Amino acid sequence: MSKYDIYLYEESTVLKNLLNITDEEQLDLAEAELSRAKMMLMYKSGFSYFSSNGSVIYIKHYLNM
């Protein structure tokens, strides 16, 4: 990687992120946990359309995005 890539942390191949995690494995775990938690909240509020080819438009509408 170029040392001038503004989207990466210095001395890392990880994209800059809101959690400031620079380790790729730790970022993968954090993203998985955040996704799981969001899906649980959606499920508890009545959303049940979890499919591998789910409609992004429907999900955006459900989340009021």
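**View 1. A negative surface patch formed by Asp 23, Glu 24, Glu 25, Asp 28 and Glu 31.** In this predicted model, these residues form a patch under a rule that takes residues with over 30% relative accessible area and no salt bridge and joins like charges within 9 Å; Asp and Glu count as negative, and the place of a charge is taken as CG of Asp or CD of Glu. Accessible areas come from the Shrake-Rupley method with a 1.4 Å probe. Glu 24, one of the patch residues, lies in helix 1, residues 24-44, where a helix is a DSSP run of H or I with at least four residues.

**View 2. The salt bridge between the side chains of Arg 36 and Glu 33.** A salt bridge requires a side-chain nitrogen of Lys or Arg within 4 Å of a carboxyl oxygen of Asp or Glu, and by this rule the count comes to one. The N to O distance is 2.4 Å, and both residues lie in helix 1, three residues apart, about one turn of the helix. Arg 36 is partly exposed, with a relative accessible area of 40%, and Glu 33 is partly exposed as well, at 42% (buried means under 20%, exposed over 50%, partly exposed in between).

**View 3. Asn 17 in the segment before helix 1.** Asn 17 is buried, with a relative accessible area of 18%. The side chain of Asn 17 reaches the backbone nitrogen of Leu 19 at 3.1 Å and the backbone nitrogen of Asn 20 at 2.9 Å.

**Notes.** Residues are numbered from 1 along each chain as its sequence is written. Local features need pLDDT of at least 70 and side-chain atom pairs count only at pLDDT 80 or more, whereas totals for chains, interfaces and linings use all residues, and side-chain values use heavy atoms, with hydrogens and water left out.

Conventions:
Patches are made of residues with over 30% relative accessible area and no salt bridge: like charges are joined within 9 Å, nonpolar side chains (Val, Leu, Ile, Met, Phe, Trp, Tyr) within 5 Å. Helices (H or I, at least four residues) and strands (E, at least two) are DSSP runs, numbered from the N terminus. Buried means under 20% relative accessible area, exposed over 50%, partly exposed in between (1.4 Å probe, protein chains only). A polar contact is a pair of N or O atoms within 3.5 Å; within protein, one must be able to donate a hydrogen and the other to accept it, and residues adjacent in sequence count only if both atoms are side-chain atoms.
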